[in-house]
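Please walk through the strands and aromatic rings of this model. Start with how the strands pair, then follow the side chains.

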Amino acid sequence: MDRDTLHLLIQSPTVLLAYWQLSGRKKNMVQEHFDTDWQALQPTLRFYHVTDLPIDSHQTDSISELHLPQGESCFLSGFHPGQTYFADLGIVNEQGQFLPLLRSNTIQTPPIDTNQDFPSHQLTNDQLVTYRPIAVSFQLMTPEAYEHFSAYSVYSPKTAYSADTESGGDTD
């Protein structure tokens, strides 16, 4: 079945399994829109670590990312026990902006119980090919303040006409 999926599963308190499938329709639409090959769009997994609920990607504690590995799944290490995470699969445009295409489920890694050994059937890190997302930092920018603003554009009000003779717009 060709459908859009991004899912996180817990393998251990510090290791996750991510699997994804991007439908051919969505992938073709994105390639056609940007008029470039899929790999040139830098497909990327971005992980969000959050502590406050409800979850909002604009109020995450940290963000890390990984260029999308080959295939449709991978193990990921470097997560913190007892924490909440979710992920986006997206592309990076020519301006370096991340554009999300899919959002995963939200998971909470289990805390490490120091009184209990891990089950012997659990895979060890030596048996896994794991990827480690790299932390991403952003420069916060203050938006420019405009005295006159409409939902569509910045404008200068017309003062030559009264509000009674002009249709639409503000006339401060």
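In which sense do β6 and strand β7 pair, and over how many bridges? β6 and β7 (residues 98–103) pair in the antiparallel sense, over five bridges. Two strands count as paired if DSSP finds at least two bridges between them. Strands themselves are DSSP runs (E, at least two residues), numbered from the N terminus. This is a predicted model, in which local features need pLDDT of at least 70, side-chain atom pairs count only at pLDDT 80 or more, and totals for chains, interfaces and linings use all residues. Residues are numbered from 1 along each chain as its sequence is written, and side-chain values use heavy atoms, with hydrogens and water left out.

Stay with the two strands. V92 has F98 in β7 as its bridge partner. β6 and β7 form a hairpin with five residues between them. In the turn, G96 has a positive phi of about 80 degrees.

Now take one side chain of β6. L89 is found in this strand. L89 counts as buried because its relative accessibility is 1%; buried means under 20% relative accessible area, exposed over 50%, and partly exposed in between (1.4 Å probe, protein chains only). Leaving aside residues up to four places away in sequence, L89 touches L6, W20, T44, L45, L68, F98, P100, L101 and L102. Contact here means heavy atoms within 4.5 Å. L6 lies 83 residues from L89 along the chain, yet their C-alpha atoms are separated by 7.3 Å.

Next come the rings. A pair of aromatic rings is described by the distance of the centres and the angle of the planes. The structure holds three aromatic pairs. Rings of Phe, Tyr and Trp (its six-membered ring) pair if their centres lie within 6.5 Å; planes under 30 degrees apart count as stacked, over 60 as edge-to-face and the rest as tilted.

F47 and F79 are edge-to-face, 5.5 Å centre to centre with 70 degrees between the planes. This pair links distant parts of the chain, 32 residues apart: F47 is in strand β3 (residues 44–50), F79 in the loop between β5 (73–77) and β6 (84–92). Both residues, F47 and F79, are buried.

Y48 and F86 are stacked, because their ring centres are 4.8 Å apart and their planes are at 20 degrees. Y48 in strand β3 and F86 in strand β6 are 38 residues apart, so this pair too links distant parts of the chain. Y48 and F86 are both buried.

Two features remain. F47, F79 and Y85 form one aromatic cluster. The charged end of R103 sits over the ring of Y48, 5.8 Å from its centre. That term requires NZ of Lys or CZ of Arg within 6 Å of the ring centre and within 35 degrees of the ring normal.

Methods:
Helix = DSSP H or I, 4+ residues; strand = E, 2+ residues; numbered from the N terminus.
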